[in-house]
Amino acid sequence: MARWVFTCKNCFRIVPYTEIGRTLMDYFFPTKPKVPSEGQRLECPQCKTKYVYQQTELWYERN
Ligand SMILES: [Zn+2]
């Protein structure tokens, strides 16, 4: 599974954003999902802290 994630600014653990499509193209040539220009507010599943994340903070996790 591969997905786009943020890193929690409080506990530095992973905050999932979106999962990638299932095709090989998506896997090897992922396109960054759109994040609203004002940012995306997400709650960390680990520490429950809410932060606003920007598109530049997205990173791709492949495992
Ligand atoms: Zn956290």
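## Starting with Arg 3

Let us begin with one residue and its surroundings. Arg 3 touches Ile 14, Pro 16, Thr 18, Glu 19, Ile 20, Trp 59, Tyr 60 and Glu 61, leaving aside residues up to four places away in sequence; contact here means heavy atoms within 4.5 Å. This is a predicted model, in which local features need pLDDT of at least 70 and side-chain atom pairs count only at pLDDT 80 or more, while totals for chains, interfaces and linings use all residues. Residues are numbered from 1 along each chain as its sequence is written, and side-chain values use heavy atoms, with hydrogens and water left out.

Arg 3 belongs to strand 1; strands (E, at least two residues) and helices (H or I, at least four) are DSSP runs, numbered from the N terminus. With a relative accessibility of 19%, Arg 3 counts as buried, on a scale where buried means under 20% relative accessible area, exposed over 50%, and partly exposed in between (1.4 Å probe, protein chains only). The side chain of Arg 3 also makes a polar contact with the side chain of Glu 61, at 2.7 Å. A polar contact is a pair of N or O atoms within 3.5 Å; within protein, one must be able to donate a hydrogen and the other to accept it, and residues adjacent in sequence count only if both atoms are side-chain atoms.

Three strands form an open sheet in the order 2-1-5, with antiparallel pairing. At its edges stand strand 2 (14-19) and strand 5 (59-62), each with a single partner strand, so one side of each has no neighbour in the sheet. From one strand to the next, the twist averages 45°, where axes are lines fitted to C-alpha atoms (for helices over the stretch in contact) and angles run from 0 to 180 degrees between N-to-C directions.

Strand 1 (residues 2-7) and strand 2 run antiparallel and are joined by five bridges; two strands pair if DSSP finds at least two bridges between them. Arg 3 stands opposite Glu 19 in strand 2.

## The zinc site

Which residues coordinate the zinc ion? They are Cys 8, Cys 11, Cys 44 and Cys 47, each through its SG atom, at 2.2 to 2.3 Å. Donors are N, O and S atoms within 2.8 Å of the metal (3.2 Å for Na, K and Ca), and water is not among the atoms, so sites may look incomplete. The angles among the four donor atoms are 106 to 117°, and the site is tetrahedral, a label given to four donors if all angles lie between 85 and 135 degrees. Along the chain, the donors follow the spacing C-x2-C-x32-C-x2-C.

Cys 44 lies in the loop between strand 3 (40-43) and strand 4 (50-53). Cys 44 is buried, at 0% relative accessibility, and Cys 8 is buried at 0%, whereas Cys 11 is partly exposed at 21%. Not counting residues up to four places away in sequence, Cys 44 touches Cys 8, Cys 11, Val 15 and Thr 49.

## Two residues with positive phi

Finally, look at two loop residues. Phe 12 is not a glycine, yet has a positive phi of about 65°. Phe 12 sits in the loop between strand 1 and strand 2 and is exposed, with a relative accessible area of 62%.

Lys 48, also a residue other than glycine, has a positive phi near 65°. Lys 48 is in the loop between strand 3 and strand 4, and counts as exposed at 53% relative accessibility.

How values were computed. Four donors count as tetrahedral if all angles lie between 85 and 135 degrees; four count as square planar and six as octahedral if opposite donors are over 155 degrees apart and all others between 65 and 115; anything else is irregular.
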